[in-house]
Amino acid sequence: MMKRNFPSFLLYTLSFFLLWEWLRPIKQLTDTDHIATFIVFLLISFAVSFVHLKGIWQFLIKLLFILFSINLTYYDEGFFHLSWLKSFGSDIANSIGLLAASQWNDLSNEFRTLLFFILLWLTVYLIDYWLLNRQRIFIFFFMTLIYITVLDTFTPYSAKAAIVRTVVAGFAVMGMLTFYRIIQKENVGCESSFIRKWMGPLAGMIAVSVMVGIAAPKAAPIWPDPVPFFTGNNPKGGTGGNGAGPHRIGYGTNDEALGGPFIGDSRSVFKYEADGKNYWKMETKDMYTGKGWLASGTTPISFRQEDYVPVYSFPNTVETIKESAHVFIHKNYKYNFIMYPAGIKKILSIQPSDSNGNRFMIDTTIERISFYNKNEDPVVPHTFTVDYVLPKYKVQDLKQTTSMDPSNLFYQKYTHLPEELPLRIKGLAEQITAGKTNWFDKAKAVESYFSNTEYTYDQKNVAVPDTNEDYVDQFLFETKRGYCDNFSTSMAVMLRTLGIPTRWVKGYTGGEFLEYGEDDSSSQYYQVTNNNAHSWVEVFFPNQGWVPFEPTKGFSNEILINYEAVDGSGSSNQQTTPPPVKKPQKEEPDETKTVKDKKKSFDLKTSFENVKLALKNNWKKFVLILIILSVIAAFLYRIRGKWLPYGLLLLFRFKKKDENIGAAYLILLNQLDRYGLKRKENQTLRNYARYIDSFFSTREMTRLTVFYEQYIYHQNLPQGTWKESHELWENLIKKTIA
């Protein structure tokens with residue numbers, strides 16, 4: 001065992017500094033707070049190891065510190081109030097279940113903190129083992145160098161000073177351990193004079209090496225940055241303003257400098273129960289700066305629970321449908337802002353509830369609703385119910401607007417643009433809307449323009465504008481690659497150049513369907529995550545209010561527009577997403593059914609006993625048959641590329657209905673994936689179809705995709721469409737036969 005002297009103290013100290021280098025980047029690159037707490041835990045762990053405290057006492061000291069830190073960070077109760085331990089125990093049990101279900105993103109912060117403490121505990125134990133027993137630490141030193149250099153290359157973290165600190169500490173520890181190994185190998189006494197004679201040259205060598213390394217000239221990089229989107233550089237090689245690195249996707253309040261890559265985040269934000277999907281607003285912005293969006297001012301108005309929310313969306317002349325939704329906020333959500341559908345009327349039954357009445361504040365300039373308690377402290381909502389209305393627009397009303405009084409202050413506010421805005425943006429907008437006479441047709445033309453094949457939806461390889469470059473201009477004419485912020489900002493700005501008032505809206509899309517409500521078959525549950533954070537455009541029509549538009553490629557909103565008066569079609573409402581399938585109604589049980597159920601239950605029990613007896617008497621045969629069937633199944637699965645297409649062709653050979661295209665198209669996508677033509681993440685169907693056509697040198701996939709999108713978005717097809725689409729589908733299936 002190593003003696004408790006100054007050299008061994010120095011070893012532990014330098015090892016602590018090596019491990020500290022692993023913690024330094026965490027605060028910059030993640031949402032982790034209280035880094036000082038973890039550093040103190042490392043100090044305690046190294047201290048008890050250095051003094052060779054008994055294992056049981058080391059365990060108790062570390063455990064008490066972990067529990068005290070978690071209590072201090074996450075719980076209001078005092079450490080000696082055991083009620084918090086019960087809550088923490090339940091949280092651990094729930095989180096272990098989530099781990100078993102591979103739901104990593106739903107783990108609580110308390111449990112994540114506990115796991116991080118355990119990881120540090122194990123790391124200190126390994127370092128202590130390497131120091132005392134193996135007297136080697138090169139692996140940990142080498143891993144530390146790799147860790148900080150990789151972060152320096154691929155993230156905004158700068159490791160210039162970290163490299164120097166790591167080299168100094170690492171070589172010092174390795175030099176001292178080498179001395180101890182030589183002493184042990186030669187079996188000689190270790191006098192203090194020996195250590196001084198060894199440490200002097202070692203310290204001098206390290207100091208000279210570091211100074212030479214710092215002062216020596218360095219060659220320029222041979223290769224360009226391997227992942228340019230991590231550094232936020234735009235394709236032209238310029239440097240962006242605030243886009244020095246990737247941002248984690250999700251709602252945020254600062255939109256002054258848009259652009260740069262995003263990292264996906266599937267952590268839950270909220271869940272809601274409603275009759276269908278909705279876009280959920282958080283706020284709007286009205287002043288475009290050339291780099292991002294700002295609010296032109298602030299106009300706060302206070303209101304109470306169950307009061308009408310003082311926000312204007314559309315006039316009373318617009319036909320509406322009354323709806324309500326119940327929202328369940330996830331504990332990951334840290335804002336006191338309320339998410340809401342566009343036609344919000346009232347906020348009801350919010351929790352946590354204040355006995356003196358809950359208080360809300362809405363900034364009517366940006367339409368952001370905040371939640372406060374009686375002391376005007378921000379409160380993060382847990383659950384609430386919101387009443388709202390869905391507008392049913394009539395296309396003839398939307399097409400009435402062709403102009404607005406330019407002296408109107410409202411009009412000037414929502415058509416304002418920077419003086420240095422490039423003129424070619426307006427030129428492109430006029431080109432897109434040529435021949436359109438009313439605002440609605442112009443807005444639809446610009447909205448549809450972004451489905452052009454030139455534009456690509458991408459969250460990673462996204463540029464940041466240079467200092468003298470406009471954000472919209474760069475996207476429209478240079479990169480043509482981006483995410484919702486690029487598309488929505490570009491549409492809002494282009495319409496403003498045409499004199500059409502617009503504003504930029506932030507919030508969330510409708511999320512993913514979870515399940516139907518148990519008591520009400522018309523209600524559904526939807527899950528909204530950070531990945532559903534989104535931005536879109538609202539256009540103001542004097543007779544219709546603010547109308548949402550969705551320019552982002554691959555997205556569609558859920559507004560209802562009545563086209564019947566214009567085109568005479570039989571369908572009065574056009575929806576951009578297919579209506580949800582209703583859950584079948586439950587039948588009421590009667591006495592006859594109860595008797596049958598009991599008889600059926602008895603028969604099932606008898607049958608189960610017979611099966612058990614047969615298995616007991618003939619288990620060897622069953623095992624042999626199971627092995628043979630498994631081998632056959634594995635062989636058939638291995639060669640499924642040869643026989644499965646024929647089965648698919650036979651399955652759809654005798655189907656005649658046009659609606660078959662929905663299932664057939666999805667089966668084709670799966671078959672193409674098995675063939676090796678995988679669809680990339682976030683790749684739209686049309687882009688994927690063009691890729692398939694280029695691979696097979698055909699136009700069949702694009703034509704079939706047009707039919708499929710027409711079926712999905714409009715829920716109807718011209719009679720006889722299946723005959724042509726089936727031929728296209730069959731040809732593509734045959735091409736995948738391996």
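Four strands make up an open sheet in the order β4-β16-β19-β20, with antiparallel pairing; strands pair if DSSP finds at least two bridges between them. The model is predicted: local features need pLDDT of at least 70, side-chain atom pairs count only at pLDDT 80 or more, and totals for chains, interfaces and linings use all residues. Residues are numbered from 1 along each chain as its sequence is written, and side-chain values use heavy atoms, with hydrogens and water left out. Helices (H or I, at least four residues) and strands (E, at least two) are DSSP runs, numbered from the N terminus.

The edges of the sheet are β4 (280–285) and β20, each of which pairs on one side only. On average, neighbouring strands are turned by 35° against each other, direction ignored; axes are lines fitted to C-alpha atoms, for helices over the stretch in contact, and angles run from 0 to 180 degrees between N-to-C directions. Five bridges join β4 to β16 (residues 502–508) in the antiparallel sense, and Trp280 has Tyr508 of β16 as its bridge partner. Helix α15 packs on the sheet, where it touches β16, β19 and β20, and its direction makes about 15° with that of β19.

The largest nonpolar core has 55 residues, and Phe450, Leu476 and Met494 have the most contacts inside it. Such a core is a set of buried Ala, Val, Leu, Ile, Met, Phe, Trp, Tyr and Cys residues joined through side-chain atoms within 4.5 Å; buried means under 20% relative accessible area, exposed over 50%, partly exposed in between (1.4 Å probe, protein chains only).

| Element | Residues |
|---|---|
| β13 | 383–394 |
| α12 | 423–432 |
| α14 | 471–479 |
| α15 | 484–497 |
| β19 | 533–541 |

With seven residues, α15 gives the most to this core. Leaving aside neighbours within four places in sequence, Leu476 is in contact (heavy atoms within 4.5 Å) with Ile425, Leu428, Phe450, Tyr455, Ser490 and Met494. A second, separate core of 46 residues includes Leu19, Leu23, Phe117 and Ala169.

In helix α4 (residues 83–100), Trp84, Phe88, Asp91, Ser95 and Leu98 are buried. Seen down the helix axis, the buried residues of α4 fall within an arc of 75° (taken from the directions from the axis to the C-beta atoms), so they line one face. The face turned away from that side carries the exposed residues Lys86, Ala93 and Ala100. Just after α4, Ser102 takes a positive phi of about 60°.
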